[in-house]
Amino acid sequence: MTDQSGTHTDERIKIKERQEVKRPPMFKVYLLNDDYTTMEFVVHILEKIFHINTVKASQIMLHVHKNGKGLAGVYTKGIAETKIAAVHEMAQLNGFPLKCIMEKE
Ligand code: TYC
């Protein structure tokens with residue numbers, strides 16, 4: 001007989017007939033507000049690193065400014081880590097304390 005998981009059973013053997021469909025864990029990447037990073041620089045980061053258009057980038061930046069935190073994107077672990085490193089590197093090069101964090105979905 002074949003059960004719900006696609007496992008076929010006979011008296012002595014079990015055969016996996018179907019590959020499991022598994023999605024990777026996803027991570028939300030947030031920008032955090034601070035008092036020193038310019039609004040213009042945050043919009044620039046959202047455009048260049050997160051590939052968000054100027055109108056949406058401005059909306060996200062204002063959301064972070066008012067609420068303390070805002071979603072920049074959702075990625076697999078390695079991509080999220082790379083985006084965060086890029087934000088921190090660009091911020092440091094420009095003398096801003098901008099912080100970026102990730103949270104598992
Ligand atoms: N609060 C900053 C200011 O008034 C602007 C800002 C927005 C900083 C978003 C960081 O993630 C941020 N210049």
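View A. E103 is partly exposed, with a relative accessible area of 32%. Buried means under 20% relative accessible area, exposed means over 50%, and partly exposed lies in between (1.4 Å probe, protein chains only). This is a predicted model: local features need pLDDT of at least 70, side-chain atom pairs count only at pLDDT 80 or more, and totals for chains, interfaces and linings use all residues. Residues are numbered from 1 along each chain as its sequence is written, and side-chain values use heavy atoms, with hydrogens and water left out. E103 forms a salt bridge with K69, and their closest N and O atoms are 2.9 Å apart. A salt bridge is a side-chain nitrogen of Lys or Arg within 4 Å of a carboxyl oxygen of Asp or Glu. E103 lies in strand β5 and K69 in strand β4, so the pair ties together parts that are 34 residues apart in sequence. Strands (E, at least two residues) and helices (H or I, at least four) are DSSP runs, numbered from the N terminus. K69 is also partly exposed, at 30% relative accessibility.

**View B. The salt bridge between E81 and K77.** The structure holds two salt bridges. In this one, the closest N and O atoms of E81 and K77 are 3.5 Å apart. Both residues sit in helix α3, four residues apart, which separates them by about one helical turn. E81 is partly exposed at 39%, and K77 is partly exposed at 46%.

View C. Helix α3 covers residues 77-93, 17 residues in total. From first C-alpha to last, α3 reaches 24 Å, close to the 24 Å expected at 1.5 Å a residue. That expected span is 1.5 Å times one less than the number of residues. A80, K83, I84, V87 and A91 are buried in α3. Seen down the axis of α3, its buried residues fall within an arc of 95°, so they line one face of the helix. The arc is that of the directions from the helix axis to the C-beta atoms. These buried residues pack against β3, α1, β4 and β5. Contact means heavy atoms within 4.5 Å. On the other side of α3, T82, E89, Q92 and L93 are exposed.

**View D. T37 in its loop.** T37 is found between β3 (26-32) and α1 (39-48). T37 counts as buried, at 12% relative accessibility. T37 touches V42, F96, P97 and L98, not counting residues up to four places away in sequence.
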